[in-house]
Amino acid sequence: MNLILLGAPGAGKGTLAAFLIEKMGVPSVSTGNILREAIANNTELGQKAKQFMDAGQLVPDQLVIDLLRDRIAQDDCKNGFILDGFPRTIPQAEALDTIANIDVALSLEVPDEVIEGRMTGRRVCLKCGATYHIKANPPKVEGVCDKCGDKLHIRKDDHPDVVQHRLATYHEQTEPLKDYYGKQGKVKSIDGTQGIQQTERFAVQALGL
Ligand code: ADP
Ligand code: ADP
Ligand code: ZN
């Protein structure tokens, strides 16, 4: 199955993706994680993306479309993939339609009021991409990744001022994708406010896993 996870920043896409990887046996592709890794390694891609990401703006379409195309052409995506954070604009969705067949767009519904707490409590591992929350999903040892032992970071763009901007960008540029995939009959929506395990159960039901 080729699956897209739709939802506001902080809705829980990455967290759900980590669960679905195991359940579905396919990899997830997070454009945000790929870009953050590129920044950490100071690659050419990272240098191009950094200013946009720090400001909570979207990286230009062509840059992410090219990186996504290369990523899902790799062998491990042959039997399906989960896209987390792509597409984020109509032009990205149109480009994706020329690259792959999407089966389902699973939309995680979380109102703006809930998002800020998700972001301020978020801690991420830049090495392996794992995501934690100081209350909802704390690591075993504070500040240390359970999976790989690396140090956890607070994302620069999770600062409350930047979060407001990211939410506005989301409503303006990304939310229209629900309509885009709705017209193709591919949207399944689930409540994303109910805690991590309940969200996983809703997803399993919606996807018939
Ligand atoms: P979140 O998990 O909070 O939704 P992501 O990790 O997906 O955030 O993305 C972080 C940032 O990376 C975005 O604010 C944007 O600058 C950039 N980015 C990630 N994916 C895309 C994309 N598909 N198109 C444009 N920019 C992107
Ligand atoms: P996204 O990838 O959509 O930006 P994340 O998966 O990174 O979202 O989740 C944002 C934050 O909220 C993280 O700190 C994560 O641990 C936490 N979180 C994710 N899903 C839930 C949930 N259902 N209930 C409470 N907290 C959650
Ligand atoms: Zn890690």
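An open sheet of 3 strands, in the order β6-β5-β7, is held by antiparallel pairing. The structure is a predicted model, in which local features need pLDDT of at least 70, side-chain atom pairs count only at pLDDT 80 or more, and totals for chains, interfaces and linings use all residues. Residues are numbered from 1 along each chain as its sequence is written, chains are lettered from A and ligands numbered from 1 in the order in which they are written, and side-chain values use heavy atoms, with hydrogens and water left out. Helices (H or I, at least four residues) and strands (E, at least two) are DSSP runs, numbered from the N terminus. Two strands pair if DSSP finds at least two bridges between them.

- The edge strands are β6 (131-133) and β7 (152-153), and each of them pairs on one side only.
- Strand β5 (residues 122-125) runs antiparallel to β7 and is joined to β7 by 2 bridges.
- Opposite Cys125 stands Leu152, a residue of β7.
- Helix α6 (residues 112-120) packs on this sheet and touches β5 and β6; contact here means heavy atoms within 4.5 Å.
- The direction of α6 makes about 45° with that of β5. Axes are lines fitted to C-alpha atoms, for helices over the stretch in contact, and angles run from 0 to 180 degrees between N-to-C directions.

**The parallel sheet**

- Strands of a sheet pair through backbone hydrogen bonds, either parallel or antiparallel.
- A second open sheet has 5 strands with parallel pairing, in the order β2-β3-β1-β4-β8.
- β2 (28-30) and β8 (187-191) are at the edges with a single partner strand each, so one side of each has no neighbour in the sheet.
- From one strand to the next, the twist averages 20°.
- Strands β1 (residues 2-6) and β4 (residues 104-109) run parallel and are joined by 4 bridges. Leu3 has Val104 in β4 as its bridge partner.
- Helix α1 lies across β1, β2, β3 (81-84), β4 and β8, and runs at about 160° to β1.

**Ligand 1**

- There are 20 residues around ligand 1, and Thr31, Arg36, Gln57, Gln92 and Arg166 come nearest. A residue is near a molecule or strand if one of its heavy atoms lies within 4 Å of it.
- Several polar contacts (pairs of N or O atoms within 3.5 Å; within protein, one must be able to donate a hydrogen and the other to accept it, and residues adjacent in sequence count only if both atoms are side-chain atoms) involve the ligands.
- The side chain of Lys13 has an N or O atom 3.2 Å from an oxygen atom of ligand 1, and the side chain of Arg166 has one 2.4 Å from an oxygen atom of ligand 1.
- A nitrogen atom of ligand 1 is 2.8 Å from a polar side-chain atom of Thr31.
- On its own, ligand 1 exposes 550 Å², of which the protein buries 96%. Accessible areas come from the Shrake-Rupley method with a 1.4 Å probe; for residues, only the protein chains shown count as cover.
- Helix α2 (residues 31-40) gives the most to the shell around ligand 1, with 4 residues.

**Ligand 2**

- Of the 18 residues around ligand 2, those that come nearest are Gly10, Lys13, Thr15, Arg122 and Tyr132.
- An oxygen atom of ligand 2 is 2.6 Å from a polar side-chain atom of Thr15, and a backbone N or O atom of Gly12 is 3.0 Å from an oxygen atom of ligand 2.
- A nitrogen atom of ligand 2 lies 3.3 Å from a backbone N or O atom of Ile196.
- At least two residues of the shell around ligand 2 come from each of α1 (13-24), β6 and α9 (196-207).

**Backbone details in loops**

- Phe86 and Pro87 are joined by a cis peptide bond, with omega about -5°. Pro87 is in the loop between β3 and α5 (90-99).
- Asn42 is not a glycine, yet has a positive phi of about 50°. The loop that holds Asn42 is between α2 and α3 (44-54).
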